[in-house]
Amino acid sequence: MRFVTLSDSKNMKKPINQKKIEKLIRELIIELGDNPDREGLAETPARVASSYTELFEGIRYTNDEIAQKFDKCFEHIHSKDLVLLKDIEVFSFCEHHLALMYNMKVHVGYIPNEKVIGLSKIARICDLCAKRLQLQERLGQDIMEVLQIVLNTEDIIVVIEAEHSCMTARGIKSSGAKTRTASIRGLFESDSNLRAEVYQLIK
């Protein structure tokens, strides 16, 4: 199964129309049965529109553009040792219910192919890929795709664990249920010992 990534689509760096979002949020409040003009809600549409600019910033970039944004590595590195960054905290929104995916931790491992990337850039890539309407499975693939472009290696693993409010706050209301996904390529796919080492290190 192949998830469609944003790199498959046209450049999406389109300015967010905050005034239109304000109007839509105001209409949503009315349809939910509340009064958008009361004191507590009067400025809510503007606040939501402003926050959405930040929360969904990643929608404005393709994976290729994110790779270009963080394409600065240390080169001529001859180590083939595992590089692992664990417990990167991000959040995202489920595209099915616009519900928050929270307590989300991303673990990224790779084997260098003469290039290593600054650790903070890995975290920034994860953050920007998460700031989209997402599926957890696709988020892992998006992060992997960006890192493959930047690092020029197939040897990457991305493990994500998160709680989904579409499960914990509505529907079955299964509080504490966590979803774990793993996107694996290259040596991590073919070498079960290497894969097991990563799983042990992120416990």
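**Exercise 1. The ring cluster**

Task: In this predicted model, find which residues are linked by ring pairs into a cluster.

Solution: Start with the total, which is three aromatic pairs in the structure. Two of these can be worked through by geometry.

- Step 1. Take Tyr 52 and Phe 56, whose ring centres are 5.2 Å apart with 75° between the planes. Planes over 60 degrees apart count as edge-to-face, and this pair is edge-to-face.
- Step 2. Move on to Phe 91 and Phe 93, with centres 6.3 Å apart and planes at 85°, so this pair is edge-to-face too.

**Exercise 2. Buried or partly exposed?**

Task: Sort Tyr 52, Phe 56, Phe 91 and Phe 93 by accessibility.

Solution: Keep one cut-off in mind: buried means under 20% relative accessible area.

- Step 1. Phe 56 has 13%, so Phe 56 is buried.
- Step 2. Phe 93 has 15% and is therefore buried.
- Step 3. Tyr 52 has 30% relative accessibility, so Tyr 52 counts as partly exposed.
- Step 4. Phe 91, at 31%, is partly exposed.

**Exercise 3. The largest pocket**

Task: Describe the space in the largest pocket and the make-up of its lining.

Solution: Go from volume to residues.

- Step 1. The largest pocket holds about 280 Å³ of space.
- Step 2. Eleven residues line this pocket, and the closest to its centre are Lys 14, Pro 15, Ile 16, Asn 17 and Ile 21.
- Step 3. By class, the lining has seven nonpolar residues, one polar and three charged.

Technical notes
Residues are numbered from 1 along each chain as its sequence is written. This is a predicted model: local features need pLDDT of at least 70, side-chain atom pairs count only at pLDDT 80 or more; totals for chains, interfaces and linings use all residues. Side-chain values use heavy atoms; hydrogens and water are left out. On a 1 Å grid over the protein atoms alone, a cavity is a set of points where a 1.4 Å probe fits but cannot get out, and a pocket is an open set with protein on both sides within 12 Å along at least five of seven lines; lining residues have an atom within 4 Å of a point. Grid points are joined across faces, edges and corners, and a volume is the space filled by probe spheres set on the points. Ala, Val, Leu, Ile, Met, Phe, Trp, Tyr, Cys and Pro count as nonpolar, Asp, Glu, Lys and Arg as charged, and the others, Gly among them, as polar. Rings of Phe, Tyr and Trp (its six-membered ring) pair if their centres lie within 6.5 Å; planes under 30 degrees apart count as stacked, over 60 as edge-to-face and the rest as tilted. Buried means under 20% relative accessible area, exposed over 50%, partly exposed in between (1.4 Å probe, protein chains only).
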